[in-house]
Each structure stands twice: as C-alpha cells, then as structure tokens.
Amino acid sequence: MRIYGLIGQTLKHSWSREYFIRKFAAGGIHADYKLFELARINDLPVLVRTEQQLYGLNVTIPYKKSVIPFLSDLSPEAEAIGAVNTIRIERQGQDIRLTGFNTDAPAFGAELGRFAFRESKRALILGTGGAAMAVAHVLKNEGWTFSMVSRSGKLPNVLSYDKLTPDIMASVKLIVNATPAGMYPEVDTMPPLPWDYITRKHLLFDLIYNPEETRFMQMGQAKGARAINGLGMLKRQADLAWEIWPKDQTQEK
C-alpha cells in the first residue's frame, strides 16, 4: 500500500487525512494518508527514508519555505513563489528524489475566480509566510495592487497593522488572512485589523478552514462584509496534489 501524508509542526487542526481517506474509499484506491508532525524540518530526510512506501506529501505551517533546501528540484511555479506545499517522492532503489510544487496558488486563484471585482483591484494580504507568498503570486499575475501586513512590519515593503489608515482600508476590496490566527485550537484569536473601517464593500477571504467560521469572518460579517473560508481551497489543492503524486498500477490515474 502506498502512503501519502502531511508534514507540519502541529497538525491538530488538519482535515487533510479525513479528506483523502474519503477520496480513497470513494475511488476504490488502495492507499493511506498519514499525519506526520515534525518538531523540525531537519527530520524530513529521516521520515522519507523510514517510511519506504511514502510517495507524496503535503506541507503546512511552518515548513512551506524551510522545506525547500531538502528538495531535489522545484516546479517553476514553486520556485517563483518561494514556497512549497506539495512534494512528489520518486524512488529508484536507494535513490530518492523529492520535487516541490505549489498547489496553493492555483487553488486560491480558482476560489478567487468565483467573485467579480468591477472596481479597482486592491488587496491586503495578512501574513508573510508560505501561504501569503502563494496569494501574492496569484494577485500579481491577476493585475492586483496589494500590500502585505504583519504584526511587526519589519520586513521590507510590509506594513504593520497600526499603519492601516482609514484611507488604506477604504481603498482595498479584498483582505486575505494568510496567518494561523483563529485556527483550531486557538479559535478566539484573529488578526488585529482596524475593524471600524471594514464595510460591506470588503471581501474577507480566510485561508483557515477549521473552524469553518473564524472570528475573522464573524467580525467581517458583523460589519456587512462578505466572508469565505479556505475549505474550497483545501479541496482544490488536495485534488491537484493527487494529480502530481506517483501512483502504482492499482491506483487511479
């Protein structure tokens, strides 16, 4: 039986195993999906050597950037983004080749495509990690103007939350939460936006899917804004990962 899985530091929030197990059962696919919590990304080579039936991985917080030095190759999109959330593992005897891909970007782009933006395309991306880089890649390619936001604002060209003026908030239409703030089990947290300036003109896109309605979403809806979660994005990126991973002859192509 081939094994696929997810690596991250803490995986209590993840619905990936449940999603893939249902997918395998529905398709009659003889495979398993496991959650691998790694205390440090340096443990990845040991995992790959030890789990000899492991042929594909998803990557989540906080390893989407730091995993790159451990890979043999990158897809052009993953290289352009600077972050990886899917790894294809190819085995030829003792030779093991790991190739990194980014399915976050096309999955986010497909979800964003459900909405029409007739006015100026301006956005805020909350966070500066791997997921934020995938969002930035999509928005840039789609002709958006955007700013990234972090609590410290110490990185070049990144705003801190206290720099989000009424004019900035009025000019943006899309706000993407690409931070873990509000993710299970820390469900009472949320990014410190200036909530008084959120209106019905805003769309709040939370990449978090557990819980299905975060405090970030609830606060936006209370101000009249539209708000969606990352569940659709999770499903899209998972299906894209399945297309990338190697399969044996008994598995669905």
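In which handedness of crossing does helix 4 pass helix 8? The crossing is right-handed, meaning that the near helix is turned clockwise from the far one by less than a right angle. Helices here are DSSP runs of H or I of at least four residues, and strands are E runs of at least two, numbered from the N terminus.

The model is predicted: local features need pLDDT of at least 70, side-chain atom pairs count only at pLDDT 80 or more, and totals for chains, interfaces and linings use all residues. Residues are numbered from 1 along each chain as its sequence is written, and side-chain values use heavy atoms, without hydrogens and water.

Helix 4 and helix 8 pack at about 135°, with axes 8 Å apart. Axes are lines fitted to C-alpha atoms over the stretch in contact, and angles run from 0 to 180 degrees between N-to-C directions. Helix 4 makes the contact (heavy atoms within 4.5 Å) through residues including D104, A107 and F108, and helix 8 through residues including M233 and L240.

In helix 4, D104, A105, A107, F108, E111 and L112 are buried (under 20% relative accessible area, 1.4 Å probe, protein chains only). These residues fall within an arc of 165°, so they line one face of the helix; the arc is that of the directions from the helix axis to the C-beta atoms. Their cover includes helix 3, helix 5, strand 10, strand 11 and helix 8.

F108 touches V135, V138, L139, V176, F205, L207 and M233, leaving aside residues up to four places away in sequence.

Technical notes. Buried means under 20% relative accessible area, exposed over 50%, partly exposed in between (1.4 Å probe, protein chains only).
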